[in-house]
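Me: Hi! I'd like to talk through a structure with you. Could you take a look?

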Amino acid sequence: MTESWSDSDDGECYCTKGFEGNPYLSPGCHDIDECADEEKNSCDQICTNSVGSYNCSCRSGYYWNDNKCISKSNKSQVIKFVSGMGFSCLFLIIGINWLYFILKKRKRAQQRDKFFQQNGGLLLSQQSKDGDTKVFSNEELKRATNNFAADRILGQGGYGIVYKGILPDNHVVAIKKSKLMDESQVEQFINEVVILTQVNHRNVVKLLGCCLECEVPLLVYEFVSNGTLLDHVHNNDGGASWLSLDNRLRIAAESSGALAYLHSAASIPIIHRDVKLANILLDDNNVAKISDFGASRLVPMDQTKVTTLVQGTLGYLDPEYFHTGQLTNKSDVYSFGVVLAELLTGRKPICMTNPEEERNLGIYFITSLKENRLFQILEPRVVKEGTFDQLEKVAQLVKRCLNLNGEERPTMMEVAMEIQNLRKFTKHPWANQHGNEEMMSFIGHSEIKHSDLYDIHINTDDNVRNASDQCGSSSSSLLHM
């Protein structure tokens with residue numbers, strides 16, 4: 001119970017807070033009704049008097065907070081306002097991102113259209129008959145190569161990088177990404193794409209299509225699984241075990257036949273311009289396929305030569321073409337002559353670690369043939385498996401291919417036919433036996449020991465390996481003038 005009065009320190013009585021009256025007179029102190037006077041209470045809605053005090057409360061729809069009644073609708077409005085602002089900001093961010101991606105997508109589309117036209121897309125559409133040249137999208141080839149990942153690289157050279165790609169239908173392809181594109185050569189490039197798409201020869205790597213919507217064109221070829229002929233001829237064992245003389249001649253016949261087809265049977269003659277072991281691929285059955293037409297040129301039907309900037313690989317490059325800039329199909333013949341010499345000797349076209357007279361294989365081969373030292377530079381296995389007449393004739397064929405005067409070289413068709421005839425020597429064992437006896441007699445009279453037949457010895461010694469690597473880098477370097 002609340003006391004209505006209290007003693008002060010000086011002994012006098014007085015009424016406590018919430019009461020009024022005279023404590024000395026009856027009835028003494030009595031309760032004040034604060035609710036009856038608005039100035040005596042702080043309630044803004046309902047005031048309930050109590051003895052010595054009062055209580056505030058709120059009407060329905062309101063709640064008491066911070067000594068005042070607040071409408072519950074105001075609270076919900078605040079919540080709605082805050083929520084609305086939050087969602088508005090969220091939608092604004094989403095809208096800005098959506099607009100950004102739309103603009104970015106549109107920019108990419110415009111860029112793709114720009115590159116497509118820049119790389120000759122419209123010209124390709126006009127020249128491609130019935131859409132027989134497949135055009136891939138950049139996104140499609142990115143997915144196929146895992147965004148051109150480093151572990152998908154099959155090889156690279158002076159003209160571009162080749163990636164292994166897997167299309168959505170699990171078809172494995174080789175995708176060549178060019179290093180640069182000369183806008184002045186767009187028409188020539190599109191012509192080559194159209195023609196190469198139509199080339200159908202079992203010993204030519206098939207061009208399946210292209211992608212023109214990126215900065216540099218992408219070419220899509222059939223995938224050839226067993227590496228390059230360079231890998232097999234120049235491995236550390238001095239040549240793969242399957243590289244018998246017959247297989248070497250078979251590969252030479254297949255390669256020369258493909259080049260002959262390009263020179264004379266294609267709708268427009270094609271000069272490869274970079275014939276070398278690294279551009280001869282082998283499939284699972286070691287069948288040869290000519291590849292990499294990055295340096296190739298088309299030759300109009302009414303012309304036999306094309307004036308062009310000199311391009312090619314040191315050691316394989318036709319000296320006549322190098323000095324005159326006049327490219328003919330005989331330039332491919334010279335390069336193939338070096339390939340054939342490489343197959344017979346196992347030597348590399350250029351090896352700067354060799355004595356000066358042996359550094360250039362083409363020159364060294366011709367010199368050795370003139371000085372009757374042919375069997376000294378041939379691989380021992382070639383000497384063992386071939387007949388005297390066979391090896392003499394194939395060496396003479398190399399000599400004719402390497403003639404400094406292009407007009408005196410045989411055509412690629414003549415080379416292919418002669419190699420096919422030379423292969424027949426190995427079909428008759430009695431001929432091999434007779435030829436080998438004759439050859440060994442020749443070698444015996446020349447006092448040449450078997451160990452002297454092969455001058456390049458490859459072992460695991462670091463110095464020798466480094467020398468071999470140097471030879472490799474020299475033979476694969478590209479010449480652009």
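Me: Which residues form a nonpolar patch on the surface?
Reply: Val78, Phe81, Val82 and Met85 do, with about 410 Å² of accessible area together. Patches are made of residues with over 30% relative accessible area and no salt bridge, where like charges are joined within 9 Å and nonpolar side chains (Val, Leu, Ile, Met, Phe, Trp, Tyr) within 5 Å. The areas come from the Shrake-Rupley method with a 1.4 Å probe, and for residues only the protein chains shown count as cover.

Me: What should I know about the model itself?
Reply: This is a predicted model, in which local features need pLDDT of at least 70 and side-chain atom pairs count only at pLDDT 80 or more, while totals for chains, interfaces and linings use all residues. Residues are numbered from 1 along each chain as its sequence is written, and side-chain values use heavy atoms, with hydrogens and water left out.

Me: Is Val82 buried or exposed?
Reply: Val82 is exposed, because its relative accessible area is 52%. The cut-offs are under 20% for buried and over 50% for exposed, with partly exposed in between (1.4 Å probe, protein chains only).

Me: OK, inside now. How many residues has the largest nonpolar core?
Reply: It has 76 residues, and those with the most contacts inside it are Phe336 and Phe365. The largest share, 10 residues, comes from helix H6 (residues 245–264). A nonpolar core here is a set of buried Ala, Val, Leu, Ile, Met, Phe, Trp, Tyr and Cys residues joined through side-chain atoms within 4.5 Å.

Me: What is Phe336 in contact with?
Reply: Leaving aside neighbours within four places in sequence, Phe336 is in contact with Ala252, Ser255, Ser256, Leu259, Val275, Met412, Val415 and Ile419. Contact means heavy atoms within 4.5 Å. There is also a second, separate core of 13 residues, which includes Ala144, Leu167, Cys211 and Leu218.

Me: Switching to charges: how many salt bridges does a search of the whole structure find?
Reply: The search finds 10. A salt bridge is a side-chain nitrogen of Lys or Arg within 4 Å of a carboxyl oxygen of Asp or Glu. One of them joins Glu379 and Arg248, whose closest N and O atoms are 2.8 Å apart.

Me: Which parts of the chain does that pair link?
Reply: Distant ones: Glu379 is in the loop between helix H10 (374–377) and helix H11 (380–385), while Arg248 is in helix H6, 131 residues apart.

Me: And are Glu379 and Arg248 buried or exposed?
Reply: Glu379 has 4% relative accessibility, so it counts as buried. Arg248 is at 2% and counts as buried too.

Me: What does Arg400 pair with?
Reply: Arg400 forms a salt bridge with Glu418, with the closest N and O atoms 2.9 Å apart. Arg400 is in helix H12 (residues 388–401) and Glu418 in helix H13 (residues 412–423), 18 residues apart. Arg400 is partly exposed at 33%, and Glu418 is partly exposed at 22%.

Note on methods:
Helices (H or I, at least four residues) and strands (E, at least two) are DSSP runs, numbered from the N terminus.
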